[in-house]
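Dear colleague,

Please find the structure below, together with the sequence. A summary of the findings follows it.

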Amino acid sequence: VLVDPQPAHHRRGRSLAPGRVEFEVPPGPIDLEIAVEDAAAEVLDRETRKIIVPSLGLGLTVSTPEVFRGRTLPEWQKLSADAAALPVIEREFRRTDRLLLRVGAQSAAGPPVMTARMLNRDGTEMSVLPVNPAGFGGLSHIDVPLAALPVGDFLIEVTAKDGAEQLSTLVAIRVIP
């Protein structure tokens, strides 16, 4: 269920095929409520995510990073080439997984400079992550190998810079055994 002031955004009682649900919302904070129901409309699970919707087109903006999981190198390569790939909602990954973050950034002055780094749970930098053009949609790809990480909680910081202006966003992940 997508809770939004506009009734067209409610999906209650409708079966959705795997895919994306997209809708327009004004810039600012929103609460995205997700409920999983069985065939009898009994709620099996519920989650609320707080999301900040950026005001695109006015100065420097960074999209919410999408996270993709590749369990093998060929799977990761396929995801990186597929503009229609579906991101995962999980934030717990195994050390054998390889993550791909897809993020967009724009500025009135032209494409901003994108950087990314892996941080430990205290916010200390562990490594710099490569940022490359996705090859479609003006997006960037960030390769996040997990094999060298211990079990624990981490942050991936994505930063866009345009002259003196700078914006950062964080993606929290957990590496499990």
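In which strand is the place of L44? L44 lies in β2, residues 43-53 (strands are DSSP E runs of at least two residues, helices H or I runs of at least four, numbered from the N terminus).

This is a predicted model, in which local features need pLDDT of at least 70 and side-chain atom pairs count only at pLDDT 80 or more, while totals for chains, interfaces and linings use all residues. Residues are numbered from 1 along each chain as its sequence is written, and side-chain values use heavy atoms, with hydrogens and water left out.

L44 counts as exposed because its relative accessibility is 58% (exposed is over 50% relative accessible area, buried under 20%, partly exposed in between; 1.4 Å probe, protein chains only).

In helix α1 (residues 73-81), W76, L79 and S80 are buried. The buried residues of α1 fall within an arc of 100 degrees seen down its axis, so they line one face (the arc is that of directions from the helix axis to the C-beta atoms). The face turned away from the buried side carries the exposed residues P74, K78 and A81.
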